[in-house]
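Biologist: I've got this one open on my screen and would like to talk it through. Could you start with how the chains meet?

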Amino acid sequence: MRADTPSGATADALLELRGVSKTFPNGTVALDGLDLDVGRHELLCMLGPSGCGKSTALRLIAGLGEASAGRLAWPNGGSAGDIGFVFQEPTLMPWATVFDNVHLPLRLQGRGRRRAGEAVREALALVGLDDFAGAYPRELSGGMRMRVSIARALVTRPRLLLMDEPFAAVDEITRHRLNHDLLDLWQGQGWTVVFVTHSVYEAVFLASRVVVMSARPGRIVAGFEIAEPYPRDDAFRLSESYLHYCRQASAALQQAVG
Amino acid sequence: MAAGDRPSRLPRRLERVLRWAMPLGLVLVVLGLWELGVRWHDTPHYILPGPVLVARTLVADWHTLYPSLLVTLRVTFSALAVAVVGGVGLAVLFTLSRWIELSLFPFAVILQVTPIIAIAPLILIYVENTHLALLICAWIVAFFPILSNTTLGLNSADHNLVDLFRLYKASRWQMLRFLRLPSAMPYFLGGLRIAGGLALIGAIVAEFAAGTAGTGSGLAYRILEASYRLNIPRMFAALFLISMAGILIFLALTLLSHLLLRKWHESAVKRDG
Ligand SMILES: Nc1ncnc2c1ncn2[C@@H]1O[C@H](COP(=O)(O)OP(=O)(O)O)[C@@H](O)[C@H]1O
Ligand SMILES: [Mg+2]
């Protein structure tokens, strides 16, 4: 654990948050002096108790709100522009087919069905839903809807993928599968991912680095690398080092809440 | 599957037939009893005509009743069309500007809560063209459910989807076209079904208020005319046509709603079992 810089400053940062605070109009202080670096190609898990401001932080990164204080910087160029966002709920348009849902980001950028078709089919193939392009969301299972949501976030080939407790609402077996698939994709595609979760086990399994947030108002209170090689599989879930990291993360979380 | 699983479950096809046959049968039974009662008591037809006489009148007077039906339907549908365009248009304006909503919504409410029968005479005085006056009356009652339902629908888009659109820098127009209008569709169609019936009622009420001045002579005028002449069978025949028109409008709009929503909306989706 790097007690001195829990934000985990890296030389090759994609994104830097410095002293970011957020106070809502109703007086709720959700974030107070959040420092965080997101390194390139990192799979960063933000771990924190419910209501500590994890979603608020992600929304600020995505440009869906203004910080009350502090600043967000993209040191190596780029902007909030090319970001993919996966919500806790699949958040699909029920009146549109899987294809049209995944097409949406490109359509909003003015790319019609024909010009975007290739990219949409590619994104669907990545999440293994090639055969369901014509289906409506209500015809899919919860896990499949989540995959559609991920495909939609990927279709613009974003440099940064933000995921806000994306698998919290699916059953455990599906969650494990989606975790595996996410790791495969992340390794294969070289993305940067910020993954919010309140599950210690999920965080340790996925992350190349974990940061722990305090209870509200949220700030980063601990951070550590998970120095385990990828690909990680079910054997990793049973390994000694997995348990060791889980204990470490749990302890940090306990301390953060307490 | 256990034997006692669904003891009262009927075969699907039989159930489908019965859904039509049961209400239809009931209507026939009521009509039969009515006819029998009238004959049994020898009720004079200027007090209560039997259904057979009403049907015969309908056929005999078809040449006057049918043009009247067309007049009433024309008023109804024009009013409904204007209500759809105006209601949806205004609802869109409301979502674009809070100020327009705040300033105009009270007028819509006032128009809605004031009974049409009380405004109709005034409108008939101020508007020279009777046909236009009738149309305005029908429009006033049909307009509000469309406006209020569509406004509600436009504002009930999933807020996470709104965020998603903002993330991708969607313009106002894209937000409206791809998110708010589709979200509002089920609400709009619900309002439209109510408005269809109300437009007919508005048209009839206005015709009554216009009375003999109703040169267009719709069905309500036929009822008034027949009542002056104590031609009760013809009153019933005209009444029958009005009810039928109302039912058909409702069924047509229900069908439209089903066709538009069947793919995705819970209200129209077929469930198994
Ligand atoms: N729009 C808002 N207005 C007021 N308070 C809010 C708003 N959004 C979130 N909050 C509050 O801010 C705190 C952090 O919320 P959130 O970021 O959603 O937490 P988390 O995602 O970690 O569970 C919570 O106490 C929540 O009630
Ligand atoms: Mg949250």
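Biologist: Before we go on, what should I know about the model and the numbering?

Modeller: This is a predicted model, where local features need pLDDT of at least 70 and side-chain atom pairs count only at pLDDT 80 or more, while totals for chains, interfaces and linings use all residues. Residues are numbered from 1 along each chain as its sequence is written, chains are lettered from A and ligands numbered from 1 in the order in which they are written, and side-chain values use heavy atoms, with hydrogens and water left out.

Biologist: Good. How many salt bridges cross the interface of chain A and chain B?

Modeller: The rule finds one there. For a salt bridge, a side-chain nitrogen of Lys or Arg must lie within 4 Å of a carboxyl oxygen of Asp or Glu. A:Arg59 and B:Asp163 pair up through their side chains, at 2.3 Å from N to O.

Biologist: And which elements of chain A touch chain B?

Modeller: Strand E5 (83-86), helix H2 (98-108) and helix H4 (142-154) of chain A each supply at least two residues of that side. H2(A) gives the most, with four residues. Helices (H or I, at least four residues) and strands (E, at least two) are DSSP runs, numbered from the N terminus.

Biologist: What classes of residue are on that side of chain A?

Modeller: It has 14 nonpolar, three polar and four charged residues. Ala, Val, Leu, Ile, Met, Phe, Trp, Tyr, Cys and Pro count as nonpolar, Asp, Glu, Lys and Arg as charged, and the others, Gly among them, as polar.

Biologist: How much area do the two chains bury?

Modeller: Chain A and chain B bury about 2,100 Å² between them, and 67% of that is on carbon and sulfur atoms. Buried area is the accessible area (1.4 Å probe) that two parts lose on being put together, summed over both. On the chain A side, A:Trp95, A:Leu108 and A:Arg138 supply 35% of the area buried against chain B, more than any other three residues. In residues, 21 of chain A are in contact with 20 of chain B, where contact means heavy atoms within 4.5 Å.

Biologist: New topic: what surrounds ligand 1?

Modeller: Its surroundings include A:Phe24, A:Asn26, A:Lys54 and A:Ser55, counting residues with a heavy atom within 4 Å. The side chain of A:Thr56 has an N or O atom 2.6 Å from one, a polar side-chain atom of A:Arg216 is at 2.8 Å, and a backbone N or O atom of A:Cys52 is at 3.2 Å.

Biologist: Nice. How is chain A split into domains?

Modeller: Domain 1 covers 1-78 + 160-258, and domain 2 covers 94-158. Those bounds come from an automatic or database domain assignment. The domain centres, taken over C-alpha atoms, are 26 Å apart.

Biologist: Which side chains form the salt bridge there?

Modeller: A:Arg147 and A:Asp181 do, at 2.9 Å from N to O. On the domain 1 side that touches domain 2, strand E6 (160-164) and helix H5 (172-189) of chain A each give two or more residues. H5(A) gives the most, with six.

Biologist: What about the area between those two domains?

Modeller: They bury about 940 Å², with 73% of it on carbon and sulfur atoms.

Biologist: And where are the domains of chain B?

Modeller: Domain 1 of chain B is 1-42 and domain 2 is 49-261, with 33 Å between their centres over C-alpha atoms. Each domain puts five residues into the contact. The area buried between them is about 430 Å², and B:Trp34, B:Glu35 and B:Val38 supply 76% of the domain 1 share, more than any other three residues. The salt bridge count between these domains is zero.

Biologist: Last one: how many salt bridges are there over all chains?

Modeller: The count comes to 17. One of the pairs is A:Glu42 with A:Arg209, whose closest N and O atoms are 2.4 Å apart. These two are 167 residues apart, with A:Glu42 in the loop between strands E2 (29-39) and E3 (43-47) of chain A and A:Arg209 in strand E8 (residues 209-213) of chain A.

Technical notes
Polar contact = N/O pair within 3.5 Å; in protein donor to acceptor, adjacent residues only side chain to side chain.
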